[in-house]
Amino acid sequence: QVHLVESGGGAVQSGGSLRLTCTASGKTSGNYRMAWFREAPGREREGVATTDSGRQTLYHQTVKDRFTISQDNAKNTLYLQMNNLKPEDTAIYYCAASFDYTRYYISRSLERSDYTYWGQGTQVTVSS
């Protein structure tokens, strides 16, 4: 079992920055993929940025060049640095993870169905 806890959300003005943090605990060894998703009112949850144990990354087209996903394995922590925030970035942001405890490499993914574990979410609000 894996437990994910997000933090770092808040309210900022357009053009501002925030850094989200996701701390993982439990059975976090092995190969993994991790991602940030977001869900705005009235919209489906969408993948924003993802990485894996090979440190490959992938971004949603709307956040590319503004958001950066990174990881600190020593701290079991995933980050999302969000710069030049826009009102349309307003959403609840969720951390997600999947692990493989064999020798299989599982690659990054922005598909919701590829993830087993989810955090509780953190609110990001961007005003114009």
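Mentor: The discussion takes up the disulfide and then the cavities of this predicted model.

Trainee: Which residues form the disulfide?

Mentor: The structure holds one disulfide. A pair of cysteine sulfur atoms counts when they lie within 2.5 Å. Here the sulfur atoms are 2.1 Å apart, and the residues that carry them are Cys22 and Cys95.

Trainee: How many residues apart are Cys22 and Cys95 in the chain?

Mentor: The disulfide joins Cys22 to Cys95. Cys22 belongs to strand E3 (residues 18-26), whereas Cys95 belongs to strand E9 (residues 91-100). The pair thus links distant parts of the chain, and the two cysteines are 73 residues apart.

Trainee: Is the disulfide of Cys22 and Cys95 left-handed or right-handed?

Mentor: The torsion about the S-S bond decides the matter, and for Cys22 and Cys95 it is about -75°. The disulfide is therefore left-handed.

Trainee: Is Cys22 buried or exposed?

Mentor: A residue counts as buried under 20% relative accessible area. Cys22 has 0% relative accessibility, so Cys22 is buried.

Trainee: What is the volume of the largest cavity?

Mentor: The count comes to one cavity of 30 Å³ or more. The volume of the largest cavity is about 50 Å³.

Trainee: How many residues in the lining of the largest cavity are charged?

Mentor: The lining consists of Arg38, Ala40, Arg43, Glu44, Glu46, Glu88, Thr90 and Ala91. Glu and Arg count as charged, and Ala as nonpolar. The lining divides into two nonpolar residues, one polar and, as asked, five charged.

Conventions. Residues numbered from 1 in each chain as written. Predicted model: local features only at pLDDT ≥ 70, side-chain atom pairs only at ≥ 80, totals over all residues. Heavy atoms only, no water. 1 Å grid on protein atoms, 1.4 Å probe; cavity = no way out; pocket = protein on both sides within 12 Å on 5 of 7 lines; lining within 4 Å. Points joined across faces, edges and corners; volume = space filled by probe spheres on them. Helix = DSSP H or I, 4+ residues; strand = E, 2+ residues; numbered from the N terminus. Buried < 20%, exposed > 50% of the residue type's maximum accessible area, 1.4 Å probe, protein only.
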